[in-house]
Amino acid sequence: MATAADILGVSRHSKIPRRWCDHYQRLCEERDRLMARDCSTCEGSRVKLDDLTDAASEESQRSLSLVAASATQNTIFEVLAAIRRIERGTYGQCEITGEPIETERLHAIPWTRYSFRGQNELEKGGFGRRHSLPALQSLAEAGFADEEEAEQSDEEEVA
């Protein structure tokens, strides 16, 4: 998938340090691969309400599709952030310890933000993964959660 910069002939590669060129290329390929994924879910139910087995199967498939779409969104966010770190010159530095990220780790997970030690510190502190985008949920679930919060705040005001 060509970007606007590719079409217009604007080269961002001039900003990229030579040692990160391979990582930059891998990240761009991963970005394009993830962006090409079809993360759409089927909107309407085509199953009759009296066929509970088919309805349950369709609901399970829809739930799995939402989980996959959320994971894809999170990975796209991380890949884009890694590309920006390369362009800004901060790629390969742990965001927690400030030390260089191990080469093996960058080869395995090119969008990683943390070194082994930084990741361990993060997990010991109870922060396993940083979620950058809100979790996908249906409008009904979002409305239900808002109603519960409103009821709780009303009860607190009365007390």
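Is glutamate 30 buried or exposed? At 18% relative accessibility, glutamate 30 counts as buried, where buried means under 20% relative accessible area, exposed over 50% and partly exposed in between, with a 1.4 Å probe and protein chains only.

The model is predicted, so that local features need pLDDT of at least 70 and side-chain atom pairs count only at pLDDT 80 or more, whereas totals for chains, interfaces and linings use all residues. Residues are numbered from 1 along each chain as its sequence is written, and side-chain values use heavy atoms, with hydrogens and water left out.

**View 1. Helix H2 and its cover.** Buried residues of H2 include His23, Tyr24, Leu27 and Cys28, and their cover includes helices H3 (52-88) and H4 (103-108).

**View 2. Charged pairs in H2.** Arginine 33 forms a salt bridge with glutamate 30, with the closest N and O atoms 2.6 Å apart (a side-chain nitrogen of Lys or Arg within 4 Å of a carboxyl oxygen of Asp or Glu). The two residues are separated by about one helical turn, because they stand 3 residues apart in H2. Arginine 31 and aspartate 32 also meet in a salt bridge, at 3.0 Å from N to O.

**View 3. A link from H5 to a loop.** A salt bridge of 2.8 Å, N to O, joins arginine 117 to glutamate 99. Arginine 117 lies in helix H5 (residues 116-124) and glutamate 99 in the loop between H3 and H4, so the pair ties together parts 18 residues apart in sequence.

How values were computed: Helices (H or I, at least four residues) and strands (E, at least two) are DSSP runs, numbered from the N terminus. Contact means heavy atoms within 4.5 Å.
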